[in-house]
Amino acid sequence: MLYSDTISLSTKGFSDTIDITGKVTKIIQHSGIKNGLVTVFCRGSTGSVTTIEYESGVIKDLQRVLEKTVPSNIPYEHDKRWGDGNGFSHVRAALMKPSLTVPLIQQQLILGTWQQIVFMDFDNRNRQREIVVHIIGE
């Protein structure tokens, strides 16, 4: 069986991090699929889907590491070409990746105790985002 649905989000950009675990779980319950794989995919080149303990300290730690690794205040070739100032957003998203696949057993996501699925928006402005959830299984 295959099942797909979407999650709509309003985001603030600049590494805004949103826990979407509950929304993914609701889609799984609605799908009727009990065992398989759940892929969560960000449509767009300035966002990412990953897992992390959704706790303010570790979220700030990750945001700080991303700022040090891919600074928002240095010149990017993308910005020279397009003038939109979000070159750093594209690089961060490329490093963090646009999707995540999680095993599904007995209609439960196989996540660790402190592991949540999050969407991170790296763009330099507010956005309306659509996250695709695709389930393959039986």
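**Cores, sheet and helix packing in a predicted model**

The largest nonpolar core of this predicted model has 22 residues. Ile20, Val24, Val38 and Ile135 have the most contacts inside it. A nonpolar core is a set of buried Ala, Val, Leu, Ile, Met, Phe, Trp, Tyr and Cys residues joined through side-chain atoms within 4.5 Å. Buried means under 20% relative accessible area, exposed over 50%, and partly exposed in between (1.4 Å probe, protein chains only). E1, H1, E3, E5, strand E7 (116–121) and E8 each supply at least two residues of this core. Another core, of seven residues, lies apart from it and includes Ile52, Ile59, Ala93 and Phe122. Helices (H or I, at least four residues) and strands (E, at least two) are DSSP runs, numbered from the N terminus.

The model is predicted: local features need pLDDT of at least 70 and side-chain atom pairs count only at pLDDT 80 or more, while totals for chains, interfaces and linings use all residues. Residues are numbered from 1 along each chain as its sequence is written, and side-chain values use heavy atoms, with hydrogens and water left out.

Five strands form an open, antiparallel sheet in the order E1-E8-E3-E5-E6. Strands pair if DSSP finds at least two bridges between them. Strand E1 (2–11) and strand E6 (108–109) stand at the edges; each has a single partner strand, so one side of each lacks a neighbour in the sheet. Strand E3 (residues 36–42) and strand E8 (residues 127–137) are joined by seven bridges. Valine 40 has valine 133 of E8 as its bridge partner.

Valine 38 is in contact (heavy atoms within 4.5 Å) with residues including Val24, Ile28, Leu100, Val102 and Ile135, neighbours within four places in sequence being left aside.

Helix H1 (residues 21–31) lies across E1, E3, strand E5 (99–105), E6 and E8. H1 runs at about 155 degrees to E1; axes are lines fitted to C-alpha atoms, for helices over the stretch in contact, and angles run from 0 to 180 degrees between N-to-C directions. Thr21, Val24, Ile27, Ile28 and Ser31 are the buried residues of H1. They cover an arc of only 125 degrees around the axis, which puts them on the same side of H1. The arc is that of the directions from the helix axis to the C-beta atoms. Lys26, Gln29 and His30 are exposed on the face turned away from the buried side. Just after H1, glycine 32 takes a positive phi of about 80 degrees.
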